[in-house]
Amino acid sequence: MKIGYIGLGKMGKNMVLRLLDQGNEVVAWNRSPQPREEVAKAGAIVVDSVEKLVASLESPRVIWLMLPPGKVTQENIDVLESLLEAGDTVIDGSNNIYKLASDHHKQLQKKGIRFMDVGVSGGPAGARNGACLMIGGQKEDFLELEELFKDIAASDAYQFFEGYGAGHYVKMVHNGIEYGMMQALAEGINLMKNSDFNLNLVNVTRIYNQGSVIQSRLVGWLHQAFVDSGVELEEYGGTVGHLGEGQWTVEDAQEKGIPLKVIEESLKFRIESESNPSYTGKVLQALRTAFGGKRSKQDKPYK
């Protein structure tokens, strides 16, 4: 199919390359020119404005947004609202808070424009080689675009959830769970680093990932970080950033009166790490970098 694509960051650029590999035609726009040049070399049609992108597509158009959540995504939805026609579809693939999806649907519905929210997991590597998609909206819209989602996703790695915001909600909680899993792994590794046994953490993470109950991509990524950087992880700061999803998960649970002790404590650790860097923080930062290229802006060396 032919799709419009706005946003060529680490995730967006790789997803466009994935779409091209699957035989789709992509018209792409990005504010900065370098990513536009990269996808153009791979066969995408690149334009220098959202207006030209919309004009390059025939209705019913499908436009995927892969932009920073919040203000930037909202600004682009506002522009698209003025340009698109009834029957066109806007897909928000950002990590937007789920509550905004209903607002975006209502905003676009006034002109008959359809809206879908998609949580994307797997990091830049997943975007390039096949991501995990959590899709929200209306079922008839999903069924109409299922082949698109199938092209973007890894094998059997997409799922529809009824309701505007459902996809972003499932992805938000996914990220909250991710916080807790990473925190447990980092704390356990820190404990072993300080044990009396002089344990080789390269070997520990290797054996953990050979059929144990906690075998996982996280353990594998940490093992590779130890192999590449050494167990002291000197290239990483001991502070850990957070982009909102963990906090939104905690806030949602508080609104519902549901305890989330592990996730809440892992979020608290990240916030406090800004003034209290640690080896546990270095492990967490190594993991964040491994799957998402997310270095903390406030990285502080920890010895």
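**Salt bridges and sheet packing**

D88 has a relative accessibility of 0% and counts as buried (buried means under 20% relative accessible area, exposed over 50%, and partly exposed in between, with a 1.4 Å probe and protein chains only). The model is predicted: local features need pLDDT of at least 70, side-chain atom pairs count only at pLDDT 80 or more, and totals for chains, interfaces and linings use all residues. Residues are numbered from 1 along each chain as its sequence is written, and side-chain values use heavy atoms, with hydrogens and water left out. There are twelve salt bridges in the structure (a side-chain nitrogen of Lys or Arg within 4 Å of a carboxyl oxygen of Asp or Glu).

**Salt bridges**

- R61 and D88 form a salt bridge through their side chains, with an N to O distance of 2.8 Å. R61 lies in the loop between α3 (50-55) and β4 (62-65) and D88 in the loop between α4 (71-83) and β5 (89-92), so the pair ties together parts that are 27 residues apart in sequence. Helices (H or I, at least four residues) and strands (E, at least two) are DSSP runs, numbered from the N terminus.
- R61 is buried, at 10% relative accessible area. A network of salt bridges links R61, E85 and D88.
- E255 and K99 meet in a salt bridge of 3.1 Å, N to O. This pair links distant parts of the chain, with E255 in helix α12 (residues 245-256) and K99 in helix α5 (residues 99-109), 156 residues apart.
- E255 is exposed, at 55% relative accessible area, while K99 is partly exposed, at 40%.
- K52 pairs with D48 in a salt bridge whose closest N and O atoms are 3.0 Å apart. K52 is partly exposed at 45%, and D48 is partly exposed at 48%.

**Sheet**

- Eight strands form an open sheet in the order β3-β2-β1-β4-β5-β6-β7-β8, with mixed pairing (two strands pair if DSSP finds at least two bridges between them). β3 (45-46) and β8 (153-162) stand at the edges with a single partner strand each, so one side of each has no neighbour in the sheet.
- Strand β1 (residues 2-6) runs parallel to β4 and is joined to β4 by three bridges. G4 has I63 in β4 as its bridge partner.

**Helices on the sheet**

- Helix α1 (residues 10-21) lies across β1, β2 (25-29), β4, β6 (114-121) and β8, and runs at about 170 degrees to β1.
- Helix α5 packs on the sheet and touches β5 and β6, its direction making about 150 degrees with that of β6.
- Contact here means heavy atoms within 4.5 Å. Axes are lines fitted to C-alpha atoms, for helices over the stretch in contact, and angles run from 0 to 180 degrees between N-to-C directions.
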